[in-house]
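Okay, thanks for coming, everyone.

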Amino acid sequence: MAEAYLPPVPADPYVWPFDGRWSAADTAVLLLGFQAGPVERLRAAAQAARAARLAAAARRAGLAVFAARRGVRPGAAPVLARRAPLGDAVPEAGSPGWALVPAAEPGPDGQIFDHGGDNAFHGTGLEAALRRAGIRNLLIAGLPTDGLMHASMRAANDMGFECLAVADACKGTSLSRHKAQLRITTFGNGLFGAVAPLAAVLTALPHRDAASPHRDAASPHRDAASPHRESET
């Protein structure tokens with residue numbers, strides 16, 4: 001049976017994906033850094049709620065959902081200690097601020113990857129897990145835009161994944177940095193992927209969210225903590 005491709009998503013700088021091929025079987029949502037500490041520090045509850053709506057709609061459409069969270073552990077890379085005075089506050093692993101907010105849990109079939117740096121692929125099994133799942137396209141939401149989200153999206157593009165940043169499900173350490181980081185993607189002429197709002201993605205998914213894609217309400221969907229955990233290596 002021929003694979004059922006989903007409608008292309010209006011995006012910037014090109015209609016996503018570039019080849020028009022994305023389906024529930026080869027596309028995943030990647031949620032980055034929706035942890036209690038960063039969500040509170042960045043005042044990103046609205047973005048976390050939009051990420052939760054994205055994940056819920058994706059799951060209903062049959063897409064896989066993956067999540068990553070940053071955490072400082074004993075013996076962590078010295079670069080984290082050097083960056084702390086610059087405001088790169090990373091929660092201590094196991095602390096309340098390190099936990100994913102409930103709405104952004106990947107769900108019972110999802111996987112969580114722990115890491116210390118800005119790149120969720122570095123030192124983790126995230127790439128291998130995506131390959132095993134047959135994933136070639138990624139819908140990405142994360143915090144902050146000018147850090148974990150952008151660094152991981154660039155790495156994913158380098159690995160050959162076709163990426164779409166869901167702009168209003170991301171937030172930067174400031175509005176200007178958020179916009180600047182997304183401009184890097186759009187000005188890259190496709191080198192780093194594309195950017196689109198949540199509403200455009202929800203419209204393209206076969207089973208749309210019950211709420212209007214233009215309404216920023218928190219999702220009522222709350223998932224139990226995933227039993228699947230992938231630790232930093």
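This is a predicted model: local features need pLDDT of at least 70, side-chain atom pairs count only at pLDDT 80 or more; totals for chains, interfaces and linings use all residues.

H5 runs over residues 145-158 and reaches 18 Å from first C-alpha to last, close to the 20 Å expected at 1.5 Å a residue. After H5 you get Gly-160, with a positive phi near 100 degrees.

Now over to H2, residues 45-60. Its 16 residues should span 22 Å at 1.5 Å a residue, and the end C-alpha atoms sit 23 Å apart, which agrees. H2 is mostly covered too, with 12 of its 16 residues buried. Among them are Gln-47, Arg-50, Arg-53 and Leu-54, along with alanines such as Ala-48 and Ala-49. And what do the buried residues of H2 pack against? Strands E1, E2, E4 and E5, plus helices H1 and H7. Just after H2, Gly-62 has a positive phi of about 95 degrees.

Last bit, the core. The largest nonpolar core has 39 residues, and Val-9, Trp-22, Leu-31, Phe-34, Leu-139 and Leu-205 touch the most other members. H2 gives this core its largest share, 6 residues. There's also a second, separate core of 26 residues, including Ala-68, Phe-113, Leu-138 and Ile-140.

Notes: Residues are numbered from 1 along each chain as its sequence is written. Side-chain values use heavy atoms; hydrogens and water are left out. Helices (H or I, at least four residues) and strands (E, at least two) are DSSP runs, numbered from the N terminus. The expected span of a helix is 1.5 Å times one less than its number of residues. Buried means under 20% relative accessible area, exposed over 50%, partly exposed in between (1.4 Å probe, protein chains only). Contact means heavy atoms within 4.5 Å. A nonpolar core is a set of buried Ala, Val, Leu, Ile, Met, Phe, Trp, Tyr and Cys residues joined through side-chain atoms within 4.5 Å.
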